[in-house]
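Let us take a walk through this structure together. We will begin at the ligand and then turn to the charged side chains.

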Amino acid sequence: MKTTQLLIPTQKEAPNDAKIISHQLMVRAGLISKLASGLYSYLPMGVRVLKKVESIIRQEMDKAGAQEVLMPVSQPAELWQASGRWDQYGPELLRFKDRHGRDFCMGPTHEEVITTLAAQYLRSYKQLPMNFYQIQTKFRDEIRPRFGVMRSREFIMKDAYSFHLDQDSLQQTYELMHQTYCNIFDRLGLDYRPVLADSGSIGGDSSHEFHVLADSGEDAICFSDESDYAANIEKVTFSKQEITCQAQADENQVLTKKKTSIEAVADFLNIDQSECIKTLIIKTENGFKALALRGDHELNEIKAHNLFGEFELASDDEIKSLDLKKGFIGIKGLSIDLIIDYSAAVLCDFVCGANEWDHHLTGVNWQGVEFSEADLRNAVEGDDSPDGKGKLVIKRGIEVGHIFQLGTKYSEAMKANVIGESGKAVTTTMGCYGIGVTRVIAAAIEQNYDDRGIIFPASIAPFQVVIVPINYNKSTRVKALADDLYQQCSEAGIEVLLDDRKERAGIMFADSELLGIPHRMVLSDTHADNGNVEYKARNNADKIEVRFEEALSFIQGRVS
Ligand code: ATP
Ligand code: MG
């Protein structure tokens, strides 16, 4: 194609709200345009990239025997009521009424719809297993849409759902999808890791996330420095440790006026935060609970949620009503249940609040305190790896894919049964597999850019080759050569862009670099004189002179 036929609105400046490099570059390169918060239009170059990502995903899903379907974005409330998610899902679910006053939502995901289809059309065990996928728009009214298409409200997802007679069959497809995802992310040219994950609001037993490693990632991923262990920080579990503390308590109440944070107390007493205990008060459906953690540890909300159900931190007034002093809450003499983290339980001779204003206790032990123990905290760098091999290292990741084993949660609710071998009805067992198609583009850019712009992996670049003729509109020789090379490339099936604008060379170079086109061929009058073309790869500073007659085969060698 020719540049003058295309809308490629490149710009020098990034918009103010673009905090991360992929967002800045996607706008500057003219791939996307913001319509409203979390809503983006894809411009022609963006669509070319998007189609390439979709095509790789489609090819690999087809190869794995999945079948493509396409389901509606709008979904009737009854389906969500049947699965129980109409009430569970918070304001992320965009709800609306049709002209008859019937409730609908914009699909944030499609378990309910696909399971309804399965209930309708899958009759016999002989049809199983089956895996359906679609590449389709999702809507989630994200509380904080940000980072451009990385966390938008409307985005494109590849979602797949498989149906099985039993767990063994699900396990096989799950492993096949795991491999398929690796193939997809390999072909997309991403540096990624599959990691153990929490299965979140969808529920189910087993789950992996695929993360692209990048400093801007919103997730923390824990890796063992000695084994293959990798898990989202949410999912790193710890076991109970043996309590070896023998020391007799030697408690002292010390004045810690206005020292209400662990940091301030540790500084004041000149000790490490890990020698302190902090006590959090939470409000659960079963009343208030006190949770004690080591001072340097953070509460893992998912673990707390799994243990206590819906909960929130108690308010200042609620803390007061329990006769507790915020900033000085301890572990002794509490009127509510005390649950302590495994790594708090093994502390000896520690510091905690004195349950008196402006006082803490030193030299405290757990002896005589009533408590139960649980795994409550997030992992920190240097923790022992849960597989017993090595220490944990923490890196940032962008979640681009997620695979779950769902079990029968939806198939039971939506009555997706088949007649089993014995003639009896069997509830199907399900898996589901998502890829954030639009997020993949942003993630690829986070890993591939320099100060001139995007360096697209070859498999998803909007064009493979750009021809930049200097003085195309003035020099008939340059024009003839450029048109000839353009035609040769096009006929050879190479995706080539001819920059036929009346622009200065510097602008044309800058635009093609900003857009991240992997290969560039430059033609000028000097080249016409000596019969050469200048070649440069986007990811390499070297320029190579190639004979014009050999230009096509040279470029074919580079793009293949
Ligand atoms: P996150 O934790 O990032 O919100 P999620 O766990 O809600 O993701 P899933 O429900 O598993 O995501 O959706 C499948 C995939 O869709 C994710 O792995 C991610 O790549 C993508 N995705 C989810 N939410 C968004 C969003 N708001 N914008 C763009 N892509 C998204
Ligand atoms: Mg989410």
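A polar contact is a pair of N or O atoms within 3.5 Å. With that in mind, look at ligand 1 in this predicted model: one of its nitrogen atoms sits 2.8 Å from a polar backbone atom of Ser 152, so the pair falls within the cut-off. A polar backbone atom of Gly 436 lies 3.3 Å from an oxygen atom of the ligand. How much of ligand 1 does the protein bury? Taken alone, the ligand exposes 580 Å², and the protein buries 85% of that.

Now step back to see what surrounds the ligand. Its shell holds 14 residues, and the closest are Arg 140, Glu 142, Arg 151, Ser 152 and Glu 399. Sorted by class, the shell has 5 nonpolar, 4 polar and 5 charged residues. Strand S8 (154–164) and strand S21 (392–407) each supply at least two residues of this shell, and S21 gives the most, with 4 residues.

Two of those closest residues, Glu 142 and Arg 151, lead us to the next topic. Together with Arg 146 and Glu 218, they are linked in a network of salt bridges. Side chains of opposite charge can pair when their charged atoms come close. Across the model, the count comes to 40 salt bridges, and three further pairs are worth a visit.

Start with Lys 51 and Glu 54, whose side chains meet in a salt bridge at 3.7 Å, N to O. Both residues lie in helix H2 (residues 44–63), 3 residues apart, which is about one turn of the helix. Are the two partners buried or exposed? Lys 51 has 48% relative accessibility, so it counts as partly exposed, whereas Glu 54, at 7%, counts as buried.

Next come Asp 383 and Arg 377, which form a salt bridge at 2.9 Å, N to O. Asp 383 counts as buried because its relative accessibility is 12%, and Arg 377 is buried too, at 4%.

Finally, find Glu 534 and Arg 520, whose side chains meet in a salt bridge at 3.7 Å, N to O. Glu 534 lies in strand S30 (residues 532–537) and Arg 520 in strand S29 (residues 519–523), so this pair ties together parts that are 14 residues apart in sequence. Glu 534 counts as buried at 13% relative accessibility, and Arg 520 is buried with a relative accessible area of 8%.

Technical notes:
Residues are numbered from 1 along each chain as its sequence is written. Chains are lettered from A and ligands numbered from 1 in the order in which they are written. This is a predicted model: local features need pLDDT of at least 70, side-chain atom pairs count only at pLDDT 80 or more; totals for chains, interfaces and linings use all residues. Side-chain values use heavy atoms; hydrogens and water are left out. A salt bridge is a side-chain nitrogen of Lys or Arg within 4 Å of a carboxyl oxygen of Asp or Glu. Buried means under 20% relative accessible area, exposed over 50%, partly exposed in between (1.4 Å probe, protein chains only). A residue is near a molecule or strand if one of its heavy atoms lies within 4 Å of it. A polar contact is a pair of N or O atoms within 3.5 Å; within protein, one must be able to donate a hydrogen and the other to accept it, and residues adjacent in sequence count only if both atoms are side-chain atoms. Accessible areas come from the Shrake-Rupley method with a 1.4 Å probe; for residues, only the protein chains shown count as cover. Ala, Val, Leu, Ile, Met, Phe, Trp, Tyr, Cys and Pro count as nonpolar, Asp, Glu, Lys and Arg as charged, and the others, Gly among them, as polar.
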